[in-house]
Amino acid sequence: MSGEYSSGDIVACTYGRTLRKGTYITSRDGHAVVKLESGYNVGVPVTSLSLISRPEAVQPPEVTVVQDETLPRLSIVSTGGTIASRIDYRTGAVTSQFDAADIMRAIPRLQTVGRYRARKLTTILSENMTPAIWQELAGAVYEEIEDGAAGVIVTHGTDTMAYSAAALSFMLDTPVPVIFVGSQRSADRPSSDNTMNALCSASAAAADLGEVAVVMHASTNDDICAIHRGTRVRKMHTSRRDAFRSIGGLPIGIVEYPSLTVRLEPCAVRRGSVEPALRKNLEERCAILTFYPGMSPAVIETFSGYAGLILSGTGLGHVSTLLIPPLRTLIEQGTMVVMTSQCLHGRVCDRVYDTGRDLLRAGVIEGEDMLPETALAKMMWVLGNEKDPAHAETLMRSDLKGEFSGRSTNGL
Amino acid sequence: MDYERLGLKAGIEIHQQLNTREKLFCHCPTVLRTFDERSGEFFRFLRATESELGEIDEAAKEEMKQERRFCYYAYVTTCLVEYDEEPPAPLNPEALEICCTIARTLSMTPIGQVHTMRKLVIDGSNTSGFQRTALVALDGVLPNGGSIETICLEEEAAQRVEGDTFSLDRLGIPLVEITTSPCMKTPEEVREIAAYLGMVLRSTGRVKRGLGTIRQDVNISIRDGARVEIKGVQELDLIAEVVRREVLRQQNLLSIRDQLRDRGASVMEEPEDVTGIFRDTKSSILKKAHSVLAVRLPGFAGLAGREIQPGRRLGSEFADYARKCGVGGIFHTDELPAYGITAEEVGQLRAMLRAGGDECIVLVAADEKKARCAAQQVVIRAGWALRGIPEETRKMLEEGSTAYMRPLPGAARMYPETDVFPVTITADWYSSLPLPELLTTKRDRFVRELRLDPALAAQLVSSEQVGLFEKMVDAGISPSLAARTLLSTLKELSRSGTDVRYLSDEAIMEVLSAVEGGEAAKEAIPAILGMVASGTTVAEALRKCAPALSRDELREIVRRIVEDRRDFIAERGIGALGPLMGVVMAEVRGSVDGKLVSEVLKQEIAAQVQENGNRNGKKV
Ligand SMILES: [Zn+2]
């Protein structure tokens, strides 16, 4: 068994006609994985190995970074998204870096934009994000703001970054930029978008902005990062660098690379527009449901007991007429139901067709042109903080943090 | 030259593109495009990532000296994987199978579980900043008794358009890399082994052909010399010459070293600013330069200009190093006065520096920063001349001499490509892979079994058409007809402007089968193929080009002609065959095979001769 070797052991590998030296890495599917001196990993029978030596682990060198006290103080709060990593070529292991000094060393140019304090909140895969962590995150960001940070950078896995940005948009009133950033291509690769995204996010965090935003590549080129409003942004591609898009309007600004020049649109909320505030209650008994042809009314019934349900309907905001009775029941029992559209682009309007009018009569609230995910985060926050159903409905119908685009511009 | 006595040790690394349907880690076709077919461009910056030990690879650092912006050409035949915008697809099983077939042919031991690695390459030729590569098999055997160390399956890099612009059509084409041990002892042996490996690769029938699809790197050292890697020898015929010239270079450099030592030569590390001397010079390079620096090399006079390889001097090596700083070249006093620099100026230079007669002075001219850098590089290279030969990666120049490219790379920086799962190679599967018939064996078989001329057989097996040839022979087409059609008819057609790419293997076979069946004449083959190439169906072309006469129709024509020339035949007997052949052929216009005409004509003439004889006999 391979239990006798541990990662980093120097082993002799007799395979083929020659004996080769290598480093034991791990065992995988019945093979011992050895990194040969040539750098290649090979999977060979564990019986072909014998131990030569067990070297002591090499400690990465200590780093001290002197930060420029004249630059704005920025905070980096990490949740698991990696903006810096380090490779151990002896074993091939890639480790994420969260410490401010390590991040500075990996991306030295950050030191020309600000001085940093790093705070590791959690290291989760972003698909494992929860409303409870949003609450912790909002609290941590609020503390940084209260502590005088000129801007806060939140590193986040990209899968659920848009949800988190939307949630924090509602939970926080911020006078400084709160910038979400991540990378679509892993930070270990020389081509990673991490460096440019990190530098642009730092520049945005130091800019004249006062809202929650996402800063990521605007195109496949390394030329511009877009600054997206936290309530209007969505991940629209599985893997591309420019996966993040502002839906229903333009980004609120850009950061040019490599100059790191920030250009804000007139609609961007400026630094210092509000006093910092934190309202972090969330009602977690909320869900989002994408309608599809043939959906059984029984599906609606399963949401009985929920505080709120976001429907992602077809077209202008429709579901099958068969679903209207169970929806009426659900609403009568106290569940708030808000209609959004799975078209993502465009506004819900349930006054055009009969089905829509029936939905409105049943008590469904039109979600305007809110993104379904934003609507969910907003609903959790509204229902978490407002117990009066009528007030809650009024809030859902109001534009709180730019989640409604107000007027529909023609750009897609 | 006695290479064994010189302690020559050489090994080769062969890179061969595989002719798979798809690329190694995506489903794009493995086709090359012309640059103007590009559908878009994008640009990126690459940066070295830090290793655990806090160091950045030396070669990588060299590349990172300037922040470099790379531009890439995209095509409709490339996808997000080439753009480093999508994770790779699983390792292409077709490529792995070809790689394993080659490995098995070379008696190599396959790796049980093949792991794809990322090898750091940040010269821009890979969008990701690394090349994906997997070690597939170990320890092969060569005919000279030497060994093959490894065979790897890797992705081809992007093609450089110019400067920092790359074309992505080539990126990701599967490549096998075969590395031999340094087991070759003469230049000819290197050529033989390279030829042998090339032959084995082509024997699979599944590798790409043509310029640039196979590249050889050669590792060379001699006793007391240094290991030098020469990149990108594309033509096999030059490989022995490259080795010979490298041995010569190393011998000459060693001899220069000994002479320098005897003279007590030295390198003065601090360059002198001599810009003032050349303020009014006729050398435009020196005149327009902000800074002219002189590197002083006491004891080097006469040796910097010494030839070390055809067309290359020690001074050329200094210049190679200096060019790394962006200067166009250097001047040294061994070659002066020249290039607009006068003897008087050289005299002033020597006087100003109080240089002795045995001192060589190297001049670099550029802006201050570049000139400093270039002078420093000359100092480094000149220092090596006193010690011996630096270990280097060199690039081949035309005709086999070489120039400095970069220092030898350290151990490759590799870490696992976690997006690609390891692939298991089972012993059963590996041993079930059919071994290709080696082209040399095939050649001998063609001579033996098909009675082909040895030269023709050799030409056939080295052509890309050998597979089609065998299919034709299996289909009952005569080997000589098949060989002639493939090796000459198609070439002639192509030369006369027919686009033979439009001729499918099936169409060519159909035409030849029709000829073998007597439906068309051999003489009509070019015309028929020409029509098929321009879009006519085979059947239609056969009908148009070869309104084939039946044997009976032919006999009728022949009889008429023979009858008309009764007297001529009476006079010449069977000797009339030759002249009448022409008459018949003119009438049937190539629609009948000459052999058949000759056969029928001979019969008819014989019949008439016989008849005449009988008649005469009666008379008598
Ligand atoms: Zn592709």
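# Exercises on a predicted two-chain model

Asp242(A) touches His217(A), Ala218(A), Ser219(A) and Thr220(A), leaving aside residues up to four places away in sequence. The model used in these exercises is predicted.

**Exercise 1.** Locate Asp242(A) in chain A and decide whether this residue is buried or exposed.

Solution. 
- Step 1: Asp242(A) sits in the loop between strand 15 (233-235) and strand 16 (244-246) of chain A.
- Step 2: The relative accessibility of Asp242(A) is 4%.
- Step 3: Buried means under 20% relative accessible area.
- Step 4: Asp242(A) therefore counts as buried.

**Exercise 2.** Describe chain A by its secondary structure, its extent and its domains.

Solution. 
- Step 1: Chain A contains 9 helices and 23 strands.
- Step 2: The C-alpha trace of chain A spans about 80 × 55 × 35 Å along its principal axes.
- Step 3: The domain assignment divides chain A into domain 1 (10-53), domain 2 (73-278) and domain 3 (286-396).
- Step 4: Between the C-alpha centres of domain 1 of chain A and domain 3 of chain A there are 59 Å.
- Step 5: Chain A has 412 residues, of which 56% count as buried.
- Step 6: Among contacts in chain A with a separation of 6 or more, 67% come from residues 24 or more positions apart.

**Exercise 3.** Determine how helix 5 and helix 9 of chain B are oriented to each other, and which residues meet.

Solution. 
- Step 1: Helix 5 covers residues 239-263 of chain B, and helix 9 covers residues 368-387 of chain B.
- Step 2: The two helices pack at an angle of about 85°, and their axes are 7 Å apart.
- Step 3: Angles of 65 to 115 degrees count as roughly perpendicular.
- Step 4: Helix 5 of chain B and helix 9 of chain B are therefore roughly perpendicular to each other.
- Step 5: From helix 5 of chain B, Leu253(B), Arg257(B), Leu260(B) and Arg261(B) take part; they meet Arg381(B), Ala385(B), Leu386(B) and Arg387(B) of helix 9 of chain B.
- Step 6: Sorted by class, this contact has 4 nonpolar, no polar and 4 charged residues.

**Exercise 4.** Identify the largest nonpolar core and the element that gives the largest share of it.

Solution. 
- Step 1: In soluble globular proteins, nonpolar side chains tend to be buried together.
- Step 2: The largest nonpolar core has 145 residues, and those with the most contacts inside it are Leu153(B), Phe300(B) and Phe318(B).
- Step 3: Helix 5 of chain B gives the largest share of this core, 8 residues.
- Step 4: A second, separate core has 81 residues, including Met336(A), Ile365(A), Ala375(A) and Met379(A).

**Exercise 5.** Give the phi angle and the exposure of Ser107(B) and of Asp224(B).

Solution. 
- Step 1: Ser107(B) is not a glycine, yet has a positive phi of about 55°.
- Step 2: With a relative accessible area of 41%, Ser107(B) is partly exposed.
- Step 3: Asp224(B), also not a glycine, has a positive phi of about 70°.
- Step 4: Exposed means over 50%, and Asp224(B), at 60%, counts as exposed.

Terms used. Residues are numbered from 1 along each chain as its sequence is written. Chains are lettered from A and ligands numbered from 1 in the order in which they are written. Side-chain values use heavy atoms; hydrogens and water are left out. Domain bounds come from an automatic or database domain assignment. A nonpolar core is a set of buried Ala, Val, Leu, Ile, Met, Phe, Trp, Tyr and Cys residues joined through side-chain atoms within 4.5 Å. Buried means under 20% relative accessible area, exposed over 50%, partly exposed in between (1.4 Å probe, protein chains only). Helices (H or I, at least four residues) and strands (E, at least two) are DSSP runs, numbered from the N terminus. Axes are lines fitted to C-alpha atoms, for helices over the stretch in contact, and angles run from 0 to 180 degrees between N-to-C directions. Angles under 35 degrees count as roughly parallel, over 145 as roughly antiparallel, 65 to 115 as roughly perpendicular and the rest as oblique. Contact means heavy atoms within 4.5 Å. Ala, Val, Leu, Ile, Met, Phe, Trp, Tyr, Cys and Pro count as nonpolar, Asp, Glu, Lys and Arg as charged, and the others, Gly among them, as polar.
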